[in-house]
Amino acid sequence: MPIKILMVCLGNICRSPLAEGILASKLPKNKFQVDSAGTGSWHIGRSPDDRSIAVAKKYNLDISEQKGRQFSTSDFNTFDYIFVMDNTNYDDVVQLAQNQEQREKVHLVLNSLFPNENVDVPDPYFGLPNGFEIIYNMLDNACDVIAKELIAKHQ
Ligand code: 4NP
């Protein structure tokens, strides 16, 4: 059984599709599966934001085939690890957990870089165009650490 990891943001069109593509690129496919979801429902079935697709392409990552979906309580059973992009996502996801085991699956993605600091990946949707480059780099650094930890833990 592969280890399953879910990346979560609000819309599932900007941050978590990038996080999914970046983390998947750093993990062996035979052992790990990475998916993403949004806590909101606006973008179900939609492709990632053009700006996320473009910044991923710049770094040779193709995320254009992903489709938006909404986080659901069944994801707590499907996934071994759930990484959220910001504190609001954390509260929204943890609120749906039914027990401590499910709550403990949820981690802020940047705590891999800044332990216990609870730093947000800022939502780039309404921000400046270079926001996508900034969050790409944040997620790339965070996913380097996460991938190394996961590979070490599940070898
Ligand atoms: P994301 O960004 O959570 O990184 O996918 C957003 C995209 C769209 C909206 C909010 C956040 N929206 O309100 O439509």
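Visitor: Where is Asn60 found?
Guide: Asn60 is found in the loop between H2 and helix H3, the latter covering residues 75-78, and please keep in mind that this is a predicted model.

Visitor: Is Asn60 buried or exposed?
Guide: Asn60 is exposed, because its relative accessible area is 73% and a residue counts as exposed when that value is over 50%.

Visitor: And what about its backbone, what is the phi of Asn60?
Guide: The phi of Asn60 is positive, at about 65 degrees, although Asn60 is not a glycine. Asn116 is also not a glycine and has a positive phi of about 65 degrees.

Visitor: Where does Asn116 lie, then?
Guide: Asn116 lies in the loop that runs between strand E4 (106-108) and helix H6 (131-153), and with a relative accessible area of 72% it is exposed.

Visitor: Let's change topic to the ligand. Which residues surround the ligand?
Guide: The ligand is surrounded by Cys9, Leu10, Gly11, Asn12, Ile13, Cys14, Arg15, Trp42, His43, Asp123 and Tyr125. Sorted by class, this shell has six nonpolar, three polar and two charged residues.

Visitor: Which polar side-chain atom lies 3.1 Å from an oxygen atom of the ligand?
Guide: That is a polar side-chain atom of Asp123.

Visitor: How much of the ligand's area does the protein bury?
Guide: Taken alone, the ligand exposes 350 Å², and the protein buries 91% of that.

Visitor: Back to Asn12: where is Asn12 found?
Guide: Asn12 is found in the loop between strand E1, which covers 3-9, and H1. Asn12 is buried, because its relative accessible area is 3% and buried means under 20%.

Visitor: What does the side chain of Asn12 reach?
Guide: The side chain of Asn12 reaches the backbone nitrogen of Arg69 at 2.9 Å, and a polar contact of 2.9 Å also joins the side chains of Asn12 and Ser16.

Visitor: You mentioned H1. How many residues does H1 have?
Guide: Helix H1 has 12 residues, numbered 15-26, and it reaches 17 Å from its first C-alpha to its last, which is close to the 16 Å expected at 1.5 Å a residue.

Visitor: Why is H1 described as largely enclosed by the rest of the structure?
Guide: Nine of the 12 residues of H1 are buried, so the helix is largely enclosed by the rest of the structure. Among the buried ones are Arg15, Ser16, Pro17 and Leu18.

Visitor: What about Trp42, is Trp42 buried or exposed?
Guide: Trp42 is exposed, with a relative accessible area of 56%, and it lies in the loop between strand E2 (32-38) and helix H2 (50-58). Trp42 and Leu10 are 32 residues apart in sequence, while their C-alpha atoms are 9.3 Å apart in space.

Visitor: Last topic: which residues does the UniProt domain annotation cover?
Guide: According to the unreviewed UniProt entry, the annotation "domain: Phosphotyrosine protein phosphatase I" covers residues 3-149. In this model the end C-alpha atoms of residues 3-149 lie 13 Å apart, and the span is 39% helix and 14% strand.

Conventions
Residues are numbered from 1 along each chain as its sequence is written. This is a predicted model: local features need pLDDT of at least 70, side-chain atom pairs count only at pLDDT 80 or more; totals for chains, interfaces and linings use all residues. Side-chain values use heavy atoms; hydrogens and water are left out. UniProt positions are given in the numbering used here, feature names are shortened, and annotations may be inferred rather than shown by experiment. Helices (H or I, at least four residues) and strands (E, at least two) are DSSP runs, numbered from the N terminus. A residue is near a molecule or strand if one of its heavy atoms lies within 4 Å of it. A polar contact is a pair of N or O atoms within 3.5 Å; within protein, one must be able to donate a hydrogen and the other to accept it, and residues adjacent in sequence count only if both atoms are side-chain atoms. Accessible areas come from the Shrake-Rupley method with a 1.4 Å probe; for residues, only the protein chains shown count as cover. Ala, Val, Leu, Ile, Met, Phe, Trp, Tyr, Cys and Pro count as nonpolar, Asp, Glu, Lys and Arg as charged, and the others, Gly among them, as polar. The expected span of a helix is 1.5 Å times one less than its number of residues. Buried means under 20% relative accessible area, exposed over 50%, partly exposed in between (1.4 Å probe, protein chains only).
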